[in-house]
Amino acid sequence: LLPTNPYSATKAGAEMLVMAYGRSYGLPVITTRGNNVYGPNQFPEKLIPKFILLAMRGLPLPIHGDGSNVRSYLYCEDVAEAFEVVLHKGEVGHVYNIGTVKERRVIDVAKDICKLFGLDTEKVIRFVENRPFNDQRYFLDDQKLKKLGWAERTLWEEGLKKTIEWYTNNPDYWGDVAGALLPHPRMLMTPGVERHNWTDEIKSLSTSPDEAKESSTAVPAATAKSTSSAPQKASYKFLIYGRTGWIGGLLGKICEKQGIPYEYGKGRLEERSQLLQDIRNVKPTHVFNAAGVTGRPNVDWCETHKQDTIRTNVVGTLNLADVCREQGLLMINYATGCIFEYDAKHPEGSGIGFKEEDKPNFTGSYYSKTKAMVEELLQEYDNVCTLRVRMPISSDLSNPRNFITKIARYDKVVNIPNSMTILDELLPISIEMAKRDCRGIWNFTNPGVVSHNEILEMYKKYLNPDFKWTNFTLEEQAKVIVAPRSNNEMDASKLKSEFPELLSIKDSLVKYVFEPNRKVPAN
């Protein structure tokens, strides 16, 4: 191994590390070494898709140095077949090279692409400054792999035509990739967000004004700068995770009401490739994570399904945050305030609530443990807005997840004041927070507290004058539940400062929940 640049050094280091695990711990490892794979779906920073997209747009093809560097190009399906052969026939601990004897100079690749597009190579090809230490040749001896029965099957001409056909049929698959088409890419563009007119920089490679003018006719209209001086209304598109959940479903309805384009994510949170695919397809401006495991019928479920809870609440949420950060996207994350409980510094009835910077002190349920864990880790991501929701309530009193619906159906209830979230008022605020680029942790509750009995008194006053209920103590409650429940007051002053119109919990209950559902005539 003789890496000549930082990238290849990391690959060599990874190979040595993996082999060390094989030797030290018996980890069953097979290593493959390949280079210069090409084909459909490849990101356009690579030579062949870059040249294809530039040719499609009528733009110059930049070649590093004199183009004499030699590479071995293998079609992606042949490489995939090599992996399959190695998996089933390869020996553990061995290394297999995946190569081809058919080498090509970079200049010849450019000429072949020009030929298929009917372009004049003399006018289109441009020689630019070479890369630092641009290796002249990579050549792999693949005889060991061929002995296992593998052979390259796709001819260069055939593979190139297939690749060109895919890119011409899917020109927008990768979104705005103009930044990757530069001779020396400095920045990968965030899908759906234009940050720089890279097209002009690429066209500047043309040697004459006529050539620049000619090439501009092939550039899609979306890449041209707007000549209108009229102010443009901000355009949004939301990608929402949690389609089948309560909050996720409500978010979709709010977007429809406000005329905001949105789509629900199709990928599983723990599958990074699926999340990236969602972002490529949707090209969102913001991502909303309303997916999570709370358990059915309640959080007690999490006590016996800990791996499932970790997979979604911790791994999935972190995965989505990391993907969003990589793509330059703000993620609104609907978290929970059920990570605190009344203590000596925040006694019940004192009006002293837990603030955003306070450390969680409730670990009674496994659900709360995972939520506190992921909240702490998310603080390392500056692209995340964490909203601590508590005991959510909405005007839909038929929804079994609604806190009012729950306690109205219980045989007995405790009577403890708590901070709560009125979704009808606060979910639209979360949309506005995304537009305002709010980040960090926010206590996402209405100011003040309300007790179980106070809510049921309202229920009786507005909905059913004959309604009755029975209280019991926390000690008695503990005998009929698996995991303890969180009870606390959240300090909502930060949210109130940002949104002064935010109603107190009791006023919000009346305005958004009980008045719209009133069945008992007002006096």
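How do the residues lining the second largest cavity divide into nonpolar, polar and charged?

Modeller: This is a predicted model, in which local features need pLDDT of at least 70 and side-chain atom pairs count only at pLDDT 80 or more, whereas totals for chains, interfaces and linings use all residues. Residues are numbered from 1 along each chain as its sequence is written, and side-chain values use heavy atoms, without hydrogens and water.

The lining of the second largest cavity comprises six nonpolar, two polar and four charged residues (Ala, Val, Leu, Ile, Met, Phe, Trp, Tyr, Cys and Pro count as nonpolar, Asp, Glu, Lys and Arg as charged, the others as polar). A cavity here is a set of points on a 1 Å grid where a 1.4 Å probe fits but cannot get out, and lining residues have an atom within 4 Å of a point. The volume of this one is about 60 Å³, counted as the space filled by probe spheres set on the points.

The model holds three cavities of 30 Å³ or more. Two or more lining residues come from each of α13 (306-326), β12 (330-336) and α14 (366-378) (DSSP runs, helices of at least four residues and strands of at least two). Strand β12 contributes the most, four residues. By class, the lining of the largest cavity has four nonpolar, seven polar and two charged residues.

Terms used:
On a 1 Å grid over the protein atoms alone, a cavity is a set of points where a 1.4 Å probe fits but cannot get out, and a pocket is an open set with protein on both sides within 12 Å along at least five of seven lines; lining residues have an atom within 4 Å of a point.
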